[in-house]
Amino acid sequence: MRVTEENLHEVKVSLPEDQAQMLHPGCETWPVFPFKGTAGHITVWPQSERAAVCWGDGSFWGKWKGEDRVIELDEPVGERQVVVDESGSLWIALSGQDFLDRMIERYIRSWDVDGLRRVADGADPLSLQLRAGCSVLPIYKGQEMAQRLFEVMADPEGPLARLKPIVN
């Protein structure tokens with residue numbers, strides 16, 4: 001919901017207190033239900049590229065990446081960068097190099113190209129998860145990066161090899 005002068009006070013009462021205090025016209029806010037039985041709220045301040053998500057007491061804040069519609073949280077979880085998608089789900093955000101290192105160690109060094117193909121096809125979701133704190137979270141854009149890696153491996157001199165490296 002887009003916040004306007006007309007609905008500002010009505011929207012404020014439905015938000016977590018820390019988000020409501022910062023609310024102004026131009027913000028965007030919506031409820032999320034990422035986990036079974038859990039409700040939350042996301043608010044975005046597009047002008048400052050900031051956003052907050054709340055699943056209970058207090059909000060987690062971060063940078064709003066509008067092109068991907070994710071919040072890159074300010075605080076890491078277990079020393080890992082975490083993003084929250086627009087539905088309120090948590091993801092591990094690996095750099096392209098971190099993801100490549102993980103795939104090389106797991107599949108390429110062991111010559112398990114079929115395993116890499118399963119990851120690229122989305123058939124091996126456990127390979128696209130990492131531990132963060134006490135949770136196991138999926139890797140943000142992991143399948144997409146695996147597909148890209150597999151394509152470059154299949155044609156190392158092809159047009160994909162000349163494009164930018166894998167990045168989040």
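The following legends describe close-up views of a predicted model.

View 1. Thr43 lies in strand β2, which comprises residues 38–45. The residue is buried, because its relative accessible area of 0% falls under the 20% limit. Two polar contacts of the Thr43 side chain are shown. One, at 2.4 Å, links the side chain to that of Gln19; the other, at 3.0 Å, is made with the side chain of Thr29. Leaving aside residues up to four places away in sequence, Thr43 touches Leu15, Gln19, Leu23, Cys27, Glu28, Thr29, Arg50, Ala51 and Ala52.

**View 2. The hairpin of strands β8 and β9.** Strand β8 (residues 129–132) pairs with strand β9 (residues 135–138) in the antiparallel sense, over four bridges. Ala132 has Ser135 of β9 as its bridge partner. Two residues separate the strands of this hairpin. Gly133, in the turn, has a positive phi of about 65°.

View 3. Helix α5 covers residues 142–154, 13 residues in total. At 1.5 Å a residue, a helix of this length should span 18 Å, and the end C-alpha atoms of α5 are 18 Å apart, so the two values agree. The expected span is 1.5 Å times one less than the number of residues. The buried residues of α5 are Gly142, Met145, Ala146, Arg148, Leu149 and Phe150. In an α-helix, residues three or four places apart point the same way, because there are 3.6 residues a turn. The buried residues of α5 pack against α3 (96–108) and α4 (113–120).

**View 4. Glu79 in the loop between β5 and β6.** Glu79 is located in the loop that connects β5 (70–73) with β6 (82–85). Its phi is near 65°, a positive value in a residue other than glycine. Glu79 is exposed, since its relative accessible area of 81% is over the 50% limit.

**View 5. Trp111 in the loop between α3 and α4.** Trp111 occupies the loop between α3 and α4, the helices against which the buried residues of α5 pack. Phi of Trp111 is near 60°, which is again positive in a residue other than glycine. With a relative accessible area of 75%, Trp111 is exposed.

How values were computed
Residues are numbered from 1 along each chain as its sequence is written. This is a predicted model: local features need pLDDT of at least 70, side-chain atom pairs count only at pLDDT 80 or more; totals for chains, interfaces and linings use all residues. Side-chain values use heavy atoms; hydrogens and water are left out. Buried means under 20% relative accessible area, exposed over 50%, partly exposed in between (1.4 Å probe, protein chains only). A polar contact is a pair of N or O atoms within 3.5 Å; within protein, one must be able to donate a hydrogen and the other to accept it, and residues adjacent in sequence count only if both atoms are side-chain atoms. Contact means heavy atoms within 4.5 Å. Two strands pair if DSSP finds at least two bridges between them.
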